[in-house]
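Student: I am new to this structure. Please pick one part, look at it closely, then show me how another contact is built.

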Amino acid sequence: MPVSPLNRRAFLQKSAVTGAAVAAAGAVGTGSAEAADAGHRPQKAPRTWSFSILGTTDLHSHVFDWDYYTDATYKDSKGNSVGVARVATLIKQQRAAKGEDRVLLVDAGDIIQGTSLAYYYARVDPITGSDGHKGPKHPMAIAMNAMRYDAAALGNHEFNYGIETLRKFEKQCHFPLLGANALDAKTLRPAFPPYAVKRVRVPGAPDIKVGILGLTNPGIALWDKDNVAGKMAFTGLVEQAKKYVPRLRALGCDVVFLTDHSGLDGSSSYGNELPYVENASNLVAEQVPGIDAILVGHTHTEVSSYTVTNTETGKAVVLSEPYCYGMRLTVFDFELELVHGQWKVTSTKAQTLNSNTVEEDAEITELLKADHDLVVKYVNTPVGTCTADLSAAEACWKDVPVMDFIHQVQMATVATGLSAADAALPLISVAAPFSRTADIPQGDVTIRDVAGLYIYDNTLYGKKLTGAQLKDYLEYAAKYYHQVPSGTKVDTATLTNANNFWDYMYDTAAGVSYDIDIAQAEGSRIKNLTYNGAAVTPDQVFVVAVNNYRANGGSGYPHIASADIAYSSTNEIRQLMIDYVTAKGTLDPADFAAANWKLTQDGTAVF
C-alpha cells in the first residue's frame, strides 16, 4: 500500500537524544557489554528511543528491474518492479530519514538462485572457481555488502547448487547467514550461526541489544535431498525457536527479532513426508514467548503487517512478508522505554514500501552493471532454430507441444541410463508448466528461450511406479482444477489453482494417454488411462522420468518419494534441454508433439 514520505523530525522526536550508533561489529552469538564513552554522555539519560529494522526476502538474485527470459524490463499485471538496485534506494531513504545509526537491515533468504544471473555464477563461471582458477565474487554478495546487511536467514534455494557453493557465498558476505535449524547431520549442532546480536547505541544510556534469530525451511531435507542427505539435518522452526529465544533473552537482548524462511499460514506442501511444518512463522509467534517481531519469507506473498497473539504471554507479535524479488521492503519501527536501567519495547509496527516508487540506486548499478551485461550476452547466445512457435500460454489446460519438448528430453535422457531390466519397462514422463509466459519462437532459439520454459535448477530422476500408483499420482495432480459440472461453460481464468495448488505443483504426463474429467469430484477424475492403446493395469510397472524436487517428495505427491530409483543424474534438466537443441540444430515439434491427455466434462472434451 502507498506510504507517505517519512518525516525525519517526527521520527526522531520520539527519542530524547539523536546520534545513536548501531555497532558495526555486532558479534555473532555474543552477549558481551561494551562501555559507552562517558565523555559523550548528555547530562540526563534519555528515557525513550526508537529504531527500525528493514527487511527483504526471496530476492532470488534479481539485481536490476530486468527479465532475463524476455530480455526486457520486468513486467507484471500489477506494475511491480524488481531488483536490489531499487530496494537500495528505499533503504537509503530510510537511513536518511531516521539516521544511519537507527536502522538495521535483514533478509529472510532465497538469495542465490532464481535468475539466469544466479545460474551463471553457480554453473557457467562459478564462484567456487573452475579448472584451478579462482571464481568471481557473487553479484548478490557485492550488492548486499554495499547495502550493509546485518544478517540474512538461509532460504531453501540456497542449497540448490550444493553446500560448496553456499559456503563460498557465505565467505564472500560481510554479514552472517543464519540458520538455527540447519544442523550438521552428525553432531546435530547448527552448521551455520543460529543468531547475531547487534547494538543500537544510545548516548548516555545502555545500548539497545537486538538479537536476530535465523530459521530456515525444514523442507530442504526433501527438496534438496541430493545435496544435503548425510551432511545436514533440518528441524522444526518452533522447536529451535524455543531453544534460542530464551538464550537471546539470557544474553540481555532487549529486542528479539526473527527472520524466518517460512510462511505464516501453518501449511505444508509436502503433506506428511516430514514431521515439521513448512510455513510455521505464525506458529512460532503463537507458541514461543519472548519474540517481538518476525520477518517472513518463502511464500512470495505481500503481508504488510500481521499480528499474532502469543498464547503463553498474551503479547502481540508483529509479522511482515515483503513479497519477493525486491518488489517490497518491510519497515519494522520499534519504540522503547528505559525502565529501571533496561530497555522495554512499547510499540512495534510494520509496513511495506513499494520499490516501483523509486529509481535504481546509482552505486549498486555501477557495481553490478558489468556482471549483468555479461549474463545478458550469455542468455542471448543462439543454440539452434525452431520450425514453429512453441507457446506455453495454454499449457495449464491443454496438451501443448512445448510441454512435450520437456517430456521428450526427460525420457530420452533417462532411457540412456537404464539397466537392461529397467529398459524393458514402459518409460513415461511427468513435468509441470512452470511459466505461462514461456515461448520458444519460430526461427533462432537462444539460451534464454529455453531457460524461460524451465526456470528451475532441477535435476533428473527415473522412478518406478505401478499402474495403480500412477493413477493415484495423476488423481493428485488433477486436484489442480476446480470442479466444473457438465453443461457449465469452462472459464480458463478461474479453472486452475484449486486447493492453492500452483502451476509448478501440477504435473502432466507423457507416454500414457488419459482424460481428466473436471465434472467429477477430486479423486475420481482420471479416466481412460492407457499405454500403447491398452488399459493400464494396477500391477503394471513404469519407469517415470521426473525432476528431483518431485522425486524427493516436493508438493506431496503420493508414492513417488518412496519409489525405487531406476535412474538419477546431477545434470540439470534445463541444460539437458539446451543440449538437445544444440545437438539437433533444429527443434521440430513433429519429432515429439503428441496430444495424449485432455480435459473432459462427463466424457465430452472441453477444448
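**Helix α2, then a helix pair**

Tutor: Start with helix α2, residues 84-98. At 1.5 Å a residue, its 15 residues should span 21 Å, and the end C-alpha atoms are 21 Å apart, which agrees. The expected span is 1.5 Å times one less than the number of residues. Helices here are DSSP runs (H or I, at least four residues), numbered from the N terminus. This is a predicted model: local features need pLDDT of at least 70, side-chain atom pairs count only at pLDDT 80 or more, and totals for chains, interfaces and linings use all residues. Residues are numbered from 1 along each chain as its sequence is written, and side-chain values use heavy atoms, without hydrogens or water.

Of the 15 residues in α2, 12 are buried, so the rest of the structure largely encloses this helix. Buried means under 20% relative accessible area (1.4 Å probe, protein chains only). Among the buried ones are Val84, Arg86, Leu90, Ile91, Arg95 and Lys98. Glycine 99 follows α2, and its phi is positive, near 105 degrees.

Now the pair. Helix α11 spans residues 401-415, and helix α17 spans residues 573-584. Their axes (lines fitted to C-alpha atoms over the stretch in contact) come within 10 Å and cross at roughly 95 degrees. The two helices are therefore roughly perpendicular (65 to 115 degrees). Where do they meet? In α11, Phe405, Ile406 and Val409 are among the residues that meet α17. The α17 side includes Leu576, Met577 and Tyr580. Contact means heavy atoms within 4.5 Å. By class, this contact has 8 nonpolar, 3 polar and no charged residues.

Definitions and conventions
Axes fitted to C-alpha atoms, helices over the stretch in contact; angles between N-to-C directions. Parallel < 35°, antiparallel > 145°, perpendicular 65-115°, else oblique. Nonpolar A, V, L, I, M, F, W, Y, C, P; charged D, E, K, R; others polar. Buried < 20%, exposed > 50% of the residue type's maximum accessible area, 1.4 Å probe, protein only.
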